[in-house]
Amino acid sequence: MAESDIDDLIDIIEKEGNIDNIPNQMPMMPIRDVVIFTDMLLPLFVGRDKSIKAIEDAAKTNRYIFLSAQKDSEVENPGEDDVFQIGTVGRIQKMIKLPDGRIKALIQGIVKGKIERFEKKRSSFKVKVEILKEVELNSLDIEVQALMRNVKESSEKILALRGELSADVGILLDQIGSPGKLADLVASNLRLKVEDAQDILETLEQKRRLEKVNDFLTRELDLSTVQAKIQTNVKDEISRTQRDYYLREQVKAIHRELGDGDDKLVEIEEYNQKIKKVKMPEECEKEAFRQLKRLDQMHSDSSEAGIIRTYLDFIVEMPWSKSTKDSLDIAKAAQILDNNHYGLDKVKERILEYLSVRKLNPTMKGQILCFSGPPGVGKTSLGKAIAKAMRRKFVRVSLGGIRDEAEIRGHRRTYIGAMPGRILQSIRQCGTNNPVFMLDEIDKLGSDFRGDPSSALLEALDPEQNSEFSDHYLNMPFDLSKVLFVLTANITDYIPSALLDRMEVIRITGYTREEKMVIAKKHILPRQIKENGLLRRAFSISDDALKNIIAEYTMEAGLRELERKLGTICRKIARQVAEGKKGKFTVTQQSLTKYLGPPAYLTDMDQDESQAGLVTGLAWTEFGGEPLYIEVSLCNGKGELLVTGQIGEVMQESARAAFTYTKANMDKFKIDKDEFENRDIHIHVPSGAIPKDGPSAGIAMATALISAFTGKVVDNKVAMTGEISLRGRVLPIGGLKEKALGALQAGIKTIIIPEKNKKDLYDLPADLKKKINFICVQNLDQVLDVAFLKQEDKDTNQTEDETQDKDLDATSNIEEDEADGTDEDSCS
């Protein structure tokens with residue numbers, strides 16, 4: 001309430017007026033957004049036609065008008081149901097017509113009334129009113145007095161919080177002795193909703209009305225207190241901001257006087273904006289601002305300032321919250337994988353499973369896959385294909401030869417030239433926190449006095465820990481859980497067990513000749529033609545020539561040597577084109593020697609004929625499978641066992657176990673005891689310059705020993721792999737597919753394997769099982785039954801050796817093996 005109206009209000013309260021002179025019929029005006037109380041003096045702006053007509057009608061008569069609050073303020077033309085029945089009889093004190101047609105009226109509330117009926121509704125409202133008289137209290141008891149005092153004090157507190165309290169208001173409140181008038185006066189000045197104010201107006205009992213007002217006062221006091229607190233805080237914050245601005249301006253002036261200029265201030269502000277923009281975790285952001293504050297306090301040319309700048313640059317360039325959106329279209333991903341790689345169905349299936357789970361559970365933690373296999377089988381290119389299928393960035397780090405732990409975790413910033421580790425460096429360069437991250441050659445890690453890098457990788461490759469990977473240089477946790485780690489290794493034997501336990505190993509064993517044919521025609525040859533600047537229509541190579549290259553010019557599980565040979569042919573043809581020769585160049589089987597020279601490998605076995613004491617074993621190396629020939633010779637001596645060929649401790653033990661088994665069963669094999677006492681036994685594994693080791697040559701060594709002692713000839717078309725026990729049991733081995741591929745490359749068609757490796761035949765390609773006859777054995781007696789040639793077999797082999805053509809071809813092998821009709825998943 002304005003202070004200028006206080007004197008008029010006091011007069012109204014003192015001169016209550018005679019309500020008996022108020023007519024029972026009068027114009028009625030609906031009021032929006034406000035409830036008029038008795039003794040209330042309020043200016044109203046009237047603009048609706050009916051309301052203007054009601055004001056004019058009242059002004060022409062006795063100036064009385066009934067004021068009733070509208071139920072819904074949005075209704076423009078209210079009817080009799082749109083207003084409350086109880087309102088206030090008011091008297092027009094002043095009225096002014098405005099230029100825009102509206103009327104400004106000063107109206108004073110006189111007494112409460114109730115509409116009995118509407119006498120007029122069209123041009124304006126006219127109602128018959130029943131005057132509502134309040135029952136005065138005979139005396140003010142202690143409760144009412146306390147209630148009145150509380151209302152007065154609360155009103156003063158609210159006005160004080162709003163800054164509207166004055167001495168006149170206090171006098172006005174003290175002069176009111178009626179509970180009802182006090183309730184109406186306070187309610188008219190509270191910011192009440194229309195429904196709440198109407199409820200107070202309709203309460204005729206003075207004490208009850210005062211209690212309701214007290215309740216609203218209590219709530220309003222709480223709101224006003226909180227509001228005042230907020231305003232105070234805002235003012236304090238504004239004052240603090242102004243103070244900081246003033247101090248910064250002073251600091252700028254000081255820097256200018258010192259000759260630092262504005263460059264440093266601009267630099268600090270740029271770092272400040274960059275730190276806020278990258279949206280790093282709260283703790284990391286605090287550390288970044290702490291380092292920025294240190295930089296601000298240093299001289300620009302100090303060495304420490306340069307170190308901090310480099311550190312801040314690294315922090316703001318890290319992709320803390322930047323990720324690429326995964327493409328989870330499974331069918332499209334499968335198509336991309338098929339277009340980039342032929343075969344490798346098991347690997348593709350695992351990748352599509354990962355994408356499927358990622359599609360159903362986007363919050364899944366990153367996986368750690370390890371592709372293990374010989375060189376050139378496509379491990380690295382598979383990682384690129386995964387990134388392409390998922391539309392992620394691809395990052396590759398080679399770990400071969402790394403011996404320093406700091407290469408993984410980074411250097412501490414206390415050292416001159418400190419750098420972050422390779423993992424965070426690569427993530428910074430790719431610009432996203434969810435790339436496909438390939439750690440190449442994980443089996444080539446080393447360790448020395450500078451630490452063990454494989455131990456440092458334990459945290460990065462553990463899905464339960466890498467959400468807070470700690471780099472020594474960054475010195476704050478970085479989330480690697482969104483990264484899809486793909487590792488590659490030639491062989492998993494050299495990977496520490498704790499690190500290997502964190503990986504899902506997927507073995508990529510190698511390709512058959514038929515698979516190499518398809519890959520060469522579909523991928524390698526088109527790439528070499530393009531790289532050497534040739535036209536596809538001007539160059540062709542026959543299928544027979546391609547088969548010969550695979551069979552006679554390469555001996556590998558992968559495809560690198562094959563690509564080099566095809567590259568050699570393309571380069572020689574490119575030279576002819578560059579020299580001006582024209583026409584279409586066709587490479588045939590007969591013209592291969594012109595481009596590649598004589599064959600480097602023969603499809604027949606290295607053994608020319610079957611011999612006693614010579615056995616073909618199978619080895620599994622990091623380059624794939626290959627034949628391993630074991631020779632045994634007897635010479636006069638004292639019964640000593642000599643093993644040569646740079647074989648390791650495991651093969652040394654296999655040789656001793658085979659020798660012990662042979663000696664223990666000499667009666668069974670009809671070997672004279674003097675042979676062991678008067679002869680020295682020499683076991684040799686050719687290619688002596690190449691170290692060899694592994695637990696799979698036991699049965700081959702035992703067979704060679706027994707053959708040498710008994711003179712029985714071992715079939716040179718049979719290869720075998722398996723470890724032997726002292727009781728003659730054949731123990732299981734690993735790398736069956738690699739060994740089978742190596743045997744096929746060497747022209748071997750029969751392989752003896754342990755019975756417990758029968759389950760591994762399920763994973764072998766169907767064409768490989770058609771070409772090779774796998775014989776499963778449980779003990780050495782079964783091995784000898786297959787390995788030793790009988791007399792009729794010797795005669796047959798001799799005839800075959802005389803007539804056999806050494807130029808074997810993969811197509812004829814397929815046709816012969818398909819005609820056999822044997823069960824592919826069983827042993828003979």
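Seven strands form an open sheet of mixed pairing, in the order S18-S19-S17-S16-S20-S23-S24, where two strands pair if DSSP finds at least two bridges between them, and where strands (E, at least two residues) and helices (H or I, at least four) are DSSP runs numbered from the N terminus. The model is predicted: local features need pLDDT of at least 70 and side-chain atom pairs count only at pLDDT 80 or more, while totals for chains, interfaces and linings use all residues. Residues are numbered from 1 along each chain as its sequence is written, and side-chain values use heavy atoms, with hydrogens and water left out.

Strands S18 (641-644) and S24 (773-777) stand at the edges with a single partner strand each, so one side of each is left without a neighbour in the sheet. From one strand to the next, the twist averages 30 degrees. Within the sheet, S16 (residues 614-621) and S17 (residues 624-636) run antiparallel and are joined by eight bridges, and Ala-619 stands opposite Glu-626 in S17.

| Helix | Lies across | Angle |
|---|---|---|
| H22 (residues 649-664) | S17, S18 and S19 (679-684) | about 145 degrees to S18 |
| H27 (residues 780-787) | S20 (718-720), S23 (750-754) and S24 | about 150 degrees to S24 |

Elsewhere, helix H9 (residues 282-297) packs against helix H10 (residues 303-317) at an angle of about 150 degrees, with the axes 10 Å apart.

Methods:
Axes are lines fitted to C-alpha atoms, for helices over the stretch in contact, and angles run from 0 to 180 degrees between N-to-C directions. Contact means heavy atoms within 4.5 Å.
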